[in-house]
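Please keep the sequence and the structure in view while reading.

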Amino acid sequence: MKAQDIMSRNPATVTPSTRVRQAAKLMKDQDVGIVPVVEDGGGSSRRLVGLLTDRDIAIRLVAEGRDPDTVEVRELMSGSPKTARADDDVSKVMDLMGREQVRRVPIVDERGALVGIVAQADIVLEAPNESKAEDTVEKISKPGGKHNE
């Protein structure tokens, strides 16, 4: 099974210059805890440049008393996210999730453009190897992960 078989396709995105309140509203409307950040540039570029999580907003904005109407996503996002390709085996995506302790992996094409995202729930629901899926969730869930979102 390939990442493209279980990924959510064409997720909603923001750009680095998007105001955080707008990004948070998008997260609410889409019922997601993460939004991929793609490069500014008008047009149809979807080159991935970062990720913004609800946890980033809570820790880097709300806890510091910053204004979501003036702060841009670029100030809170995590840059250089680990990614996978649509034709990567699901087992490779699970290994990446476990190693990096992340619950979501953006899927990009050969140009680095976002085409989808694989979430922990996708792995649990769709992965062909139940034992490996359980192992991946266990690794992701260990305390102290890099992006425990």
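The sections below take these topics in turn for this predicted model.

**The second largest pocket**

| Element | Residues |
|---|---|
| Strand S1 | 8–9 |
| Helix H2 | 20–30 |
| Strand S2 | 34–38 |
| Strand S7 | 114–119 |
| Helix H5 | 120–126 |

Sorted by class, the lining of the second largest pocket has 11 nonpolar, four polar and three charged residues.

**Helices H2 and H3**

Two packed helices are described by the angle and the distance between their axes. The axes of H2 and H3 (residues 54–62) come within 10 Å and cross at roughly 145 degrees. The crossing of H2 past H3 is left-handed. On the H2 side, Val 20, Ala 24 and Met 27 make the contact, while H3 provides Asp 54, Ile 57 and Leu 61. By class, this contact has five nonpolar residues, no polar residues and one charged residue.

Side chains of opposite charge can pair when their charged atoms come close. The structure holds 13 salt bridges. One of them joins Asp 56 to Arg 60, with the closest N and O atoms 3.3 Å apart. Both residues lie in helix H3, where Asp 56 and Arg 60 are four residues apart, about one turn of the helix.

How values were computed
Residues are numbered from 1 along each chain as its sequence is written. This is a predicted model: local features need pLDDT of at least 70, side-chain atom pairs count only at pLDDT 80 or more; totals for chains, interfaces and linings use all residues. Side-chain values use heavy atoms; hydrogens and water are left out. Helices (H or I, at least four residues) and strands (E, at least two) are DSSP runs, numbered from the N terminus. Ala, Val, Leu, Ile, Met, Phe, Trp, Tyr, Cys and Pro count as nonpolar, Asp, Glu, Lys and Arg as charged, and the others, Gly among them, as polar. Axes are lines fitted to C-alpha atoms, for helices over the stretch in contact, and angles run from 0 to 180 degrees between N-to-C directions. A crossing is left-handed if the near helix is turned anticlockwise from the far one by less than a right angle, and right-handed if clockwise. Contact means heavy atoms within 4.5 Å. A salt bridge is a side-chain nitrogen of Lys or Arg within 4 Å of a carboxyl oxygen of Asp or Glu.
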